[in-house]
Amino acid sequence: MNNDSINLKVGQCAATTYSVPVGPVHPALKEPIRFTFNLDGERIVGVDIKPGFAHRGIEYMGMRRNLIQALYLSERICGICSISHPLAFTQAVENAAGIEVPPRAQYIRTIIGELERVHSHLLWAGVGAHELGFDTLLHLTWNVREKSMDLLEELTGNRVDYAIPIFSGVRRDVPAEKAHLAYEALDYYKGLLQQMIDAFLHDKSVEMRTRNVGALSYDLAVDLCAVGPTARASGVKKDVRQDMPYLAYADMEVKAITPEDFGTEPHGDVYDNIIVRLLEVKQSIEIIEFCLENLPSGELMSIPKVPALLATLKKASGEGLGRHEAPRGEVIHYVRLEEGIEEPAVWKVKAPTYSNLMAWVPKFLGDEIADVPIIAASIDPCMCCMDRVHMVDTVGNETTRMKEELVRLSREKTRRICG
Amino acid sequence: MNVENIFTSFKNALGVSYLEDRTIERTVGVIHSGTVYDLWITVDRASFHDAVAHLCSEYVPHLSVISGDDLGDNVALNYHFTVGWGERYGEVTFTIRTLLPKSDLTIPTITDLLAGAQTSEREKIEFYGIDVVGIPDSRNLFLPEDATIHPWRKDLEEETAKEVKRMVKWEGRNE
């Protein structure tokens with residue numbers, strides 16, 4: 001692929017190319033999105049991306065609710081990283097209003113945030129295995145993932161939407177009598193990590209299907225403002241936890257993980273995305289262990305009464321930024337508060353996929369239609385299902401391809417190259 | 001990263017177009033404390049592109065997002081950059097703010113300097129009705145392709161409500 005000739009818009013179709021819309025309901029995303037691929041034979045020569053089918057106007061709604069109601073709304077922006085948005089939002093509001101967060105609350109926020117990374121990365125790895133046709137690996141990975149979901153349920157009461165952060169602290173404690181459950185889960189993962197690395201990274205078939213597929217160069221990752229594992233797979237050492245520490249991350253040496261930590265040169269391909277995510281699971285386990293061992297004692301909220309908290313927020317004015325390194329990359333929230341009103345005057349949310357949208361284009365270009373599911377999945381770990389794919393040729397003939405057919409194409413390719 | 005040096009370099013580069021700056025300094029950490037900085041500068045729209053060009057020539061910036069703020073007579077745009085990533089405590093947020101009067105909602109694109117800005121610029125076009133001059137692709141991104149409403153404009157709330165009602169009816173939900 002020639003990176004210099006990237007076409008960010010669908011160009012004119014030559015006589016031999018096909019225009020192939022994929023989505024809006026899509027094979028490798030939890031949210032609907034529409035790709036329109038221009039194909040020369042099996043090869044992708046152009047792609048146009050249209051998101052927005054699940055735009056719910058959350059910021060608009062949030063600006064018409066009081067801040068605590070908006071916090072619960074922020075938790076529902078994403079079902080997988082359901083603590084990442086509240087973590088960024090609470091920090092933005094706390095920075096704007098000058099509210100302190102007690103040390104114990106900072107550590108508890110970090111523990112839940114890292115547990116979320118563990119389950120999100122494992123979910124993604126399972127989805128990737130499924131897209132390639134390795135369903136045994138999917139079942140193994142998702143079975144392993146359950147342990148982190150169980151622990152989250154034990155600690156917060158919920159498998160998703162944990163409702164832990166609140167302005168000025170956290171809503172629930174991690175009591176000493178539950179700590180053994182966390183240590184047990186961490187030991188479980190430590191024992192399994194090498195097995196997962198062997199299953200994914202030392203498997204010839206996985207390597208053949210993912211190496212040099214969906215590649216993103218270092219320069220493009222920087223220029224297109226990519227974030228998270230997508231950028232780090234290309235060797236960009238960018239991680240909010242390292243670059244601009246916050247919460248408990250300021251107390252430990254968190255390092256941005258790139259394929260170099262696995263001893264290989266970064267290619268920015270799907271294989272490198274697997275490396276980064278698996279190594280980050282190990283990193284998260286170490287962070288949680290550090291937090292449990294050094295968990296400070298003390299209060300959970302600096303303003304424990306909700307009416308007093310609301311009154312403080314109503315009096316506050318100013319603007320603040322809150323950032324968090326979510327499993328998929330940087331989440332940033334901008335908030336402006338005005339004295340006398342309970343609602344945020346401005347609330348802007350930026351999720352990692354928003355930043356990685358542009359990076360999808362060079363990742364797709366030059367690859368084959370059978371690689372679409374795994375490249376699409378390489379950025380975002382959630383799998384919903386694809387409704388259909390319409391294939392339209394240049395004289396207007398239209399055929400419909402079902403999700404199963406695209407997955408079949410992907411699996412046939414695996415069989416073909418594995419002989 | 002020396003905060004004062006950054007401000008001075010921008011002041012020198014932009015002259016009278018450099019309107020104001022401020023720094024928010026925060027202490028983080030429980031066991032080992034450190035300091036992080038949020039930097040904000042406001043520039044005149046005429047020199048906005050120069051300000052971003054200066055940022056790109058001095059650093060390797062990352063654009064997190066562009067936020068907008070309808071202030072009545074003006075729309076403020078905050079370009080939330082981060083610079084200095086790659087090392088521990090190396091990064092600061094750097095927000096460049098500029099005001100656009102409602103009578104002339106135009107701003108030059110920065111995609112020529114940072115291609116990744118396109119997503120956020122397209123969002124501002126549709127949600128605020130801003131004309132981003134020179135953007136390679138100005139189609140609606142998140143709103144329906146044929147939508148002409150600008151939902152984050154406070155003076156256009158009536159039109160937005162009308163259009164949303166029409167869409168709900170069109171979808172047959174009758175709510």
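This is a predicted model: local features need pLDDT of at least 70, side-chain atom pairs count only at pLDDT 80 or more; totals for chains, interfaces and linings use all residues.
Starting at the N terminus, chain B runs through its elements in the order α-β-β-α-β-β-β-β-α-β-α, which comes to four helices and seven strands, where helices (H or I, at least four residues) and strands (E, at least two) are DSSP runs numbered from the N terminus. Residues are numbered from 1 along each chain as its sequence is written, and chains are lettered from A, with ligands numbered from 1, in the order in which they are written.

The C-alpha trace of chain B spans about 55 × 40 × 30 Å along its principal axes, and 37% of its 175 residues count as buried, meaning that 20 or more other C-beta atoms, placed from the backbone, lie within 10 Å of a residue's own.

Turning to the contact between the chains, chain B and chain A contribute 37 residues each, two residues being in contact if their C-beta atoms, placed from the backbone, lie within 7 Å. On the side of chain B that touches chain A, at least two residues come from each of β1 (18–28), β2 (34–43), β3 (62–70), β4 (74–83) and α3 (118–128), and β3(B) gives the most, with six residues.

Finally, in chain A, H121(A) lies in helix α4 (residues 103–132), and H121(A) is buried because 25 other C-beta atoms lie within 10 Å. The C-alpha atoms of H121(A) and T141(A) are separated by 9.9 Å, the two residues being 20 apart along the chain.

Notes:
A residue is buried if 20 or more other C-beta atoms lie within 10 Å of its own, exposed if 12 or fewer, and partly exposed in between; C-beta atoms are placed from the backbone.
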